[in-house]
Each structure stands twice: as C-alpha cells, then as structure tokens.
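Work through these exercises with the model open beside you. Try each task before you read its solution.

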Amino acid sequence: MTILIAASALSSGAAVAQVAPETVLSLGAPDAVQTRIGTLEFKDGAPTAETANKVYDALDFTRALDVYNNSFRGASALAIVKGFASLGVNPGDVAIFSELMDATSLFLTANAAFVRPRSGRNRHLLALINES
C-alpha cells in the first residue's frame, strides 16, 4: 500500500522550478569568447572545428615551451661537463679560472657573481674555482 501511494505522488505532475529568466540565460554557453589565441566560437556549447584546432595548437605550444624550460638547465650542465672534458678536465678534476666569467665566456648559464661547484658525470664533483 505504501508503494502505491508513493508512485501516485510521483506521477501527479511535473515539477516546476521558480527561476528568473536572467538566471537561465546566464547559465548558457556564449557563442564566441575573445582570448589571447583569438576568438573561440561555439555552436550550442560545443567548439567549432576551427576553435578546437586553435586550442590544441595553443596546448601544443604550451607543452613544448614547458619541455624547453625544464630541459634548459640539464642541457647547460651537460654542455659544461662536455666542454671541460674537451679541455682535458675530467669529472673529479678541478678547473681554475684566473678571472670571473663574463659575457665572453662560452657558457650557456655562466655564473659571474661567485664560485659555484658543479657536478659532472658519474656523480663526481667538478668545482669551478675562481682565483682572485
């Protein structure tokens, strides 16, 4: 008997919400959005093919820039180790500079302010010593 009462209460009519028309319109997706990568267009809330391509291109660029930025320091450290090795300075050896590095030093990320140790291959310490 309880089941019949609940079923008849549910089928008595559709529920109607009291929502202002402005609220309903504010929940909809816009037809176009101005962004840094250009105008993104939508049809019934779904992106057009051109918009999807723009967004994928922007994501590809962002990921490529992230890879570049995260690899820069490693490439610099490897280049320093290889550069020293080409001069006969092996990991574990000490290279002594007579002056601080400057704009003419051929280092990707040179440190011209103070002496800083660097690690080379095989986890040996390669110290860059400045002689004053």
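**Exercise 1. Decide whether Thr51 is buried or exposed, then find what surrounds Thr51**.

Step 1. Start with the classes: buried means under 20% relative accessible area, exposed means over 50%, and partly exposed lies in between (1.4 Å probe, protein chains only). Thr51 has 3% relative accessibility, so Thr51 counts as buried.

Step 2. Thr51 belongs to helix 3. Helices (H or I, at least four residues) and strands (E, at least two) are DSSP runs, numbered from the N terminus.

Step 3. List the neighbours. A contact means heavy atoms within 4.5 Å. Leaving out residues up to four places away in sequence, Thr51 touches Thr39, Leu40, Glu41 and Phe42.

Step 4. The Thr51 side chain comes to 2.7 Å from the backbone nitrogen of Glu41.

A note on the source: this is a predicted model, with residues numbered from 1 along each chain as its sequence is written. Local features need pLDDT of at least 70, side-chain atom pairs count only at pLDDT 80 or more, totals for chains, interfaces and linings use all residues, and side-chain values use heavy atoms, with hydrogens and water left out.

**Exercise 2. Work out the order of the strands in the open sheet**.

Step 1. Apply the pairing rule: two strands pair if DSSP finds at least two bridges between them.

Step 2. Take strand 1 and strand 2. They run antiparallel and are joined by 4 bridges. They form a hairpin with 2 residues between them. Thr35 has Gly38 in strand 2 as its bridge partner.

Step 3. Take strand 2, residues 38-43, and strand 3. They pair in the antiparallel sense over 2 bridges. Lys43 has Ala46 in strand 3 as its bridge partner. Phe42 stands opposite Pro47 in strand 3.

Step 4. The 3 strands form an open sheet in the order 1-2-3, with antiparallel pairing. Strand 1 (32-35) and strand 3 (46-47) are at the edges with a single partner strand each, so one side of each has no neighbour in the sheet.

**Exercise 3. Compare Asp44 with Ala46: which class of accessibility does each have?**

Step 1. Locate Asp44. Asp44 lies in the loop between strand 2 and strand 3. At 76% relative accessibility, Asp44 counts as exposed.

Step 2. Check the backbone of Asp44. Its phi is positive, about 55°, although Asp44 is not a glycine. Most residues other than glycine have a negative phi. The hairpin of strand 2 and strand 3 has 2 residues between the strands.

Step 3. Move to Ala46. Ala46 sits in strand 3. At 38% relative accessibility, Ala46 counts as partly exposed.

Step 4. Check a distance. The C-alpha atoms of Ala46 and Ala29 are separated by 8.6 Å, and these residues are 17 residues apart along the chain.

**Exercise 4. Describe the whole protein, then state how confident the prediction is**.

Step 1. Count the elements. The protein has 3 helices and 6 strands. From the N terminus on, they run α-α-β-β-β-α-β-β-β.

Step 2. Consider burial. Of the 132 residues in the protein, 11% are buried.

Step 3. Consider the contacts between residues at least 6 apart in sequence. Of these, 43% join residues at least 24 apart.

Step 4. Read the confidence. pLDDT is the predictor's confidence in each residue, from 0 to 100. Its mean for the protein is 75, and 67% of the residues reach 70 or more.

Methods
Polar contact = N/O pair within 3.5 Å; in protein donor to acceptor, adjacent residues only side chain to side chain.
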